[in-house]
Amino acid sequence: MQRGSTSGSAVRDRERLDLAGLLHHKGDDAAAFALLRHAAERGDGPAYWIVMRLLPPASRAAREVTIAYEAATPPDERPVCVLLIPGAWELDPSVLPVD
């Protein structure tokens, strides 16, 4: 890969986050969460951190997302932290899975 280029996967991940943000901004939190969860389960690190901030840590949904995320990504490719702006991803709690 050339220096400064972005892999196709990274571009698609960024596009998913952008689309989820747009859906959230337009009030479609259910679609935004579904897109974020799907991206997280396929190995998108920023989406994973957003989803994990939304779900109760001990919930079944959090465990399922974590298992899928870890299966999709090698440990050395997982972001250690992601900067999230407080309040930027406050979705309607009624769209989140309930154990």
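Which helix does Asp-18 lie in? I looked, and Asp-18 sits in helix H1, residues 8-25. Helices here are DSSP runs of H or I with at least four residues, numbered from the N terminus.

A note on the ground rules: I am working with a predicted model, where local features need pLDDT of at least 70, side-chain atom pairs count only at pLDDT 80 or more, and totals for chains, interfaces and linings use all residues. Residues are numbered from 1 along each chain as its sequence is written, and side-chain values use heavy atoms, with hydrogens and water left out.

Back to Asp-18. I found its relative accessibility to be 40%, so Asp-18 counts as partly exposed (buried is under 20% relative accessible area, exposed over 50%, partly exposed in between, with a 1.4 Å probe and protein chains only). I also checked Asp-18 against Ala-32: they are 14 residues apart in sequence, and their C-alpha atoms are 9.9 Å apart.

Next, the rings. I counted two aromatic pairs in the structure (rings of Phe, Tyr and Trp, the last by its six-membered ring, pair if their centres lie within 6.5 Å; planes under 30 degrees apart are stacked, over 60 edge-to-face, the rest tilted). Tyr-48 and Trp-49 are edge-to-face, because their planes stand at 80°, with ring centres 5.9 Å apart. Tyr-48 and Tyr-69 are stacked, at 4.1 Å centre to centre and 10° between the planes. Tyr-48 belongs to helix H3 (residues 45-54) and Tyr-69 to helix H4 (residues 60-72), so this pair ties together parts 21 residues apart in sequence.

Tyr-69 is buried at 3%, Tyr-48 is buried at 10%, and Trp-49 is partly exposed at 32%. Ring pairs link these residues, Tyr-48, Trp-49 and Tyr-69, into a cluster.

Note on methods
Helices (H or I, at least four residues) and strands (E, at least two) are DSSP runs, numbered from the N terminus.
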